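Hi,

Here is the structure I promised to pass on. Have a look through it first, and my notes on what turned up are just below.

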Amino acid sequence: MTADLSKSSRVSPLAAPLSAADIDEATKRISGVVTRSPLQFNERLSEATGANVYLKREDLQAVRSYKVRGAFNLMAQLSPEELAAGVVCSSAGNHAQGFAMACRSMRTHGRVYVPAKTPKQKRDRIRYHGREYIELIAGGSTYDLAAAAALEDVARTGATLVPPYDDVRTMAGQGTIAAELLDQLSDEPDLVIVPVGGGGCISGITTYLAERASGTSVLGAEPAGAASMIAALAAGEPVTLEHVDQFVDGAAVARAGALPYAALAAAGDMVAFTTVDEGAVCTAMLDLYQNDGIIAEPAGALSVAALLEADIEPGSTVVCLISGGNNDVSRYNEVVERSLVHLGLKHYFLVDFPQEPGALRRFLDEVLGPGDDITLFEYVKRNNRETGEALCGVELSAATDLEGLLARMADSDIHVELLEPGSPTYRYLT
């Protein structure tokens, strides 16, 4: 199997903290509680890539993500005394829901620390899965403050912390995904593509495949704005990113886990990493929804976005992990916007209109093409000025139409400035 790794980082050997035997034991431990998620052949993606593409549907877990695997595997290994002292986690997302379900399954009382700004919808889902076994506590205005409050709780009460990825027991639980997919396929896959946040899931999967498969490679997909594992591998140790784009929230981690890093470093050349632009993630999300009826959260679509950018060997067998489906419907306007920008179909301009009758009509007739659609127009007339700027958003029917539009703008006597993605003004708009 070959994949385009021009944007990737390879790892070097290091002592492994996890084994396939640990994951086999975890598979037995979580059986009967965690759903054996379907492995579905996807005709659309197979035709697009020339490979045999399967989707591992962790979005179909009861908590709509794989996180329950690690949380339950960790808690199932605690002593009666530890369980009696309680368990604690900090999270406002999938880990909190998996933790809550594990608490209810084991009839163990747990406390979840969330940031004060956590939406009601997420709080309600955590409470739903945990019922009377969960206490939800707002632990500060940011996630870091909530995490600090959870650590203070552990120090004060003697409860056990249940980390989302930086614990061998969590990693082993997530690695059970690999044990399942090997059992579900008649032959081992050539490539498994895994979304990467803190690294717990990919480290478990990679560890298992390294020992239980003979020729399977793993490709880790990180969001371009939160590539913490690639940064760790480049530095030789986990490092903290100065800035993290929070859009792909399920994988937006500022610092990769130390134990996952060690496990991945031990895997050598069988694993590689690539970054995926957040706009490409949005396009993959929309395609999964519109063509396959799959509601994937941004992190859940990372693997498919990476698949479509990779150089996949025709006829090979590829598994993409759909890691979660806890998507907020209110975010879809932003998802569509980012997708259009990524595809080159949406552009923003500052248009310096002469303040005279007919200027707008001239712009529409002489500059815009027949397939160009104005999606945003903001203008305030200034009587004390000769010209006035308008913010104009234009959606094209094809990305190739931009060249003609820019040429007509250059020929016009109306001054137009293209706002470049990434500029301060553009970030303010989007």
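The buried residues of helix H3 are covered by several elements, including helix H1 (20–30), helix H4 (80–85), strand S3 (87–90), helix H5 (94–106) and helix H8 (168–184). Keep in mind throughout that this is a predicted model. H3 itself runs over residues 67–75, and nine of its nine residues are buried, so the helix is largely enclosed by the rest of the structure. If you want to click through them, the buried residues are Lys-67, Val-68, Arg-69, Gly-70, Ala-71, Phe-72, Asn-73, Leu-74 and Met-75.

Arg-69 meets Glu-180 in a salt bridge, at 3.0 Å from N to O. This pair links distant parts of the chain, with Arg-69 in helix H3 and Glu-180 in helix H8, 111 residues apart. Both partners are buried. They also belong to a network of salt bridges that links Lys-56, Glu-58, Arg-69 and Glu-180.

On salt bridges in general, the count for the structure comes to 21. Another one to look at joins Arg-212 to Asp-24, where the closest N and O atoms are 2.6 Å apart. Arg-212 sits in helix H9 (residues 200–212) and Asp-24 in helix H1, so this pair ties together parts that are 188 residues apart in sequence. Arg-212 counts as partly exposed at 39% relative accessibility, and Asp-24 counts as partly exposed too, at 24%.

Then there is Asp-249, which forms a salt bridge with Lys-122, the closest N and O atoms being 3.7 Å apart. Asp-249 lies in the loop between helix H10 (228–235) and helix H11 (258–266), while Lys-122 is in helix H6 (residues 120–130), so the pair ties together parts 127 residues apart in sequence. Here again both ends are partly exposed: Asp-249 has a relative accessibility of 35%, and Lys-122 has a relative accessible area of 24%.

What about disulfides, how many does a search of the whole structure find? The answer is zero. Take Cys-89: the nearest cysteine sulfur belongs to Cys-103 and is 7.6 Å away. A disulfide would need the two sulfur atoms within 2.5 Å, so Cys-89 is in no disulfide. Cys-89 is also buried, with a relative accessible area of 0%. Cys-320 is in no disulfide either, and the nearest cysteine sulfur to it, that of Cys-201, is 13 Å away. Cys-320 is buried, with a relative accessible area of 0%.

Now for the surface. Leu-360, Phe-377 and Tyr-379 make a nonpolar patch of about 240 Å². Of these, Tyr-379 is in strand S12 (residues 373–379) and is partly exposed, with a relative accessible area of 32%.

Last, the overall layout. The protein chain is divided into three parts: domain 1 (20–65 + 168–336), domain 2 (87–158) and domain 3 (344–429). The centres of domain 2 and domain 3, taken over C-alpha atoms, are separated by 48 Å.

Cheers

How values were computed: Residues are numbered from 1 along each chain as its sequence is written. This is a predicted model: local features need pLDDT of at least 70, side-chain atom pairs count only at pLDDT 80 or more; totals for chains, interfaces and linings use all residues. Side-chain values use heavy atoms; hydrogens and water are left out. Patches are made of residues with over 30% relative accessible area and no salt bridge: like charges are joined within 9 Å, nonpolar side chains (Val, Leu, Ile, Met, Phe, Trp, Tyr) within 5 Å. Accessible areas come from the Shrake-Rupley method with a 1.4 Å probe; for residues, only the protein chains shown count as cover. A salt bridge is a side-chain nitrogen of Lys or Arg within 4 Å of a carboxyl oxygen of Asp or Glu. Helices (H or I, at least four residues) and strands (E, at least two) are DSSP runs, numbered from the N terminus. Buried means under 20% relative accessible area, exposed over 50%, partly exposed in between (1.4 Å probe, protein chains only). Contact means heavy atoms within 4.5 Å. Domain bounds come from an automatic or database domain assignment.
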